Amino acid sequence: MRRSLVAGLTMCFLVMGVGWAQAAPSPTPSPPVSPTPSVSPTPVPSATTSAGTPSSATPSATATASVPVSTPSSPTAEQTPSVSASPTASAPTAARKAEAESAAEKAIRERHARLGGDKGRLGARVGSTICGLRDGGCYQRFRSGSIYWTKKTGADPIWGSIQSRWRELKSEHGRLGYPTDSEKCGLRDGGCYQRFQGGSIYWSQKSGAYPIWGSMYARWSDLKWERGRLGYPTGSEKCGLRDGGCYQRFQGGSIYWSQKSGAQPVWGSMYSRWSKMKWERGRLGYPISAEKCGLRNGGCYQKFQGGSMHWSQKSGAWPTWGSIARLWAREGSENGNLAYPTGMEKCGRSSCEQNFQNGSIVWTKSSDKSRSRYRLNESVHRTRSSEVKYTMKSSGCPVGLSRLRTIEMNYLNFDGDLKRGMIIVREDTVGAVVDAFQIALDNRYPIARMDNPDKWRADDEPMMAANNTSAFNCRHVTGNPQSMSPHSYGTAIDVNTVQNPFRDSQGRWLPSNGRKYVGNAGLNRKVTHPAMLVSSSPLTDALEDRGYFWGGRWTTGRDWQHFER
């Protein structure tokens, strides 16, 4: 009878040994975690406040779903992990188990003591040490938290909001695995963080406690963690986007990841415009770089799979792609004549067009080619007395200041660069002048300069030698002091005076540095420079069509530079 009882007990222990030997399933491998930021040496416990609303816009339902998060009844109460239990165990296995439990018990006790024992953050023990967790782990509950132990990680405490978030992520069975260090505080805005096998959890009063791992963590660390533009995470990573992508929200923006694009941040005006274009589902796809700034006029840009986004204070954030983007790049992008984009590409049946600060680009379907068009971007205001200090010094001017208008407009200089100039005309000629010079710009007619004649103290001869294009100047006819010039009325314009000289009443060609352009002195001299005007020139046609007479048609006093109305 005794032998049967002993044999039965032995068999029972053998079966129990098998049960203790069973291991929990292995975790999914996690990418290596980047180094953590430096922190203040004095730990501050985390709070149990809820997460704040992120500053960035909330993406549409591009993620399939986030795991619902339940709020624990008590932030310090520990749910009892499931453990494996079998009725029997072999003597050797039982011995190993007992040895592991002893090591865990000792490590937990020592860790608790280093944290101040019963008077420390954790407080007194609650119950006994429980083992049989994943990877042979053990844990011990305390009044204000827990300590978890495994042979690989050692014994580390966890409490407060970080513990609550970790439990919602399935504790040691989740992506994070076991804690590998205690909570560290002293971060920006009084924040804290704790490292785990598969990532970290960061907390601040405004953001709450959220995990971060893998490529998202690596990219965030490149951007200086919570000290950078993104700030703290305000949500967990969410996946199920296009091409298997994921995203995570932060206080100052978001990070988006896909296998091809990698993990890239997006924020501010770039994010706002991208969201209106349906995020990664739209034409741009995923971002493939971070925002880069330091462009012309303080601008920034960001690259995406399907194009780029450019921003400046005046233009806002707009995308470019395809044939239009390629032509814009060839013309110098934001540093070129067109400057920054100011709108989306708009398409019809046969063409697409996109506006820029100084013009537009049109793509034609039939030719698969793009061409740019520059705009005057004219600005008209009542002429100020300070603008005619010298040109209106005579008391006998036939037109008063109130009837003059100053036109500021773009023009193409001899180097092909778009410049800003000004011209003063009589109020009733503004429309004709603007239309004519826009036609000249459309045809790439170059203008050397377009400055206020006051720069030369209204002296016509040195101004002509400087090759200036101008209009109003209350003066006498050059070479004829007895007659008031039509420029005194604000209805005459002189254009590119060197390439288009005039012959005065004494037979002199002025300015003298323009004599090489006289040629045969005929109406349509041979054009040796693109600024030379002939009867078929776009500007000549445009002004004559609007009621101006061209001085090139005078035979005795040929005046190619002059137009009057």
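Q: What volume does the largest cavity have?
A: This is a predicted model, where local features need pLDDT of at least 70, side-chain atom pairs count only at pLDDT 80 or more, and totals for chains, interfaces and linings use all residues. Residues are numbered from 1 along each chain as its sequence is written, and side-chain values use heavy atoms, leaving out hydrogens and water. A cavity is a set of points, on a 1 Å grid over the protein atoms alone, where a 1.4 Å probe fits but cannot get out. Volume is the space filled by probe spheres set on the points, joined across faces, edges and corners. For the largest cavity it is about 40 Å³.

Q: Which element gives the most to the lining of the largest cavity?
A: Lining residues have an atom within 4 Å of a point. Strand S22 (404-412) and helix H7 (430-442) each supply at least two. Strands are DSSP runs of E, at least two residues; helices are runs of H or I, at least four; both are numbered from the N terminus. The top contributor, with 4 residues, is S22.

Q: Is Gly231 buried or exposed?
A: Gly231 sits in the loop between helix H4 (214-222) and strand S9 (238-239). Buried means under 20% relative accessible area, exposed over 50%, partly exposed in between (1.4 Å probe, protein chains only). At a relative accessible area of 1%, Gly231 is buried.

Q: Which residues is Gly231 in contact with, leaving aside its neighbours within four places in sequence?
A: Contact means heavy atoms within 4.5 Å. By that rule, the partners of Gly231 are Arg188, Trp220, Trp225, Glu226, Phe250 and Gln251.

Technical notes:
On a 1 Å grid over the protein atoms alone, a cavity is a set of points where a 1.4 Å probe fits but cannot get out, and a pocket is an open set with protein on both sides within 12 Å along at least five of seven lines; lining residues have an atom within 4 Å of a point.
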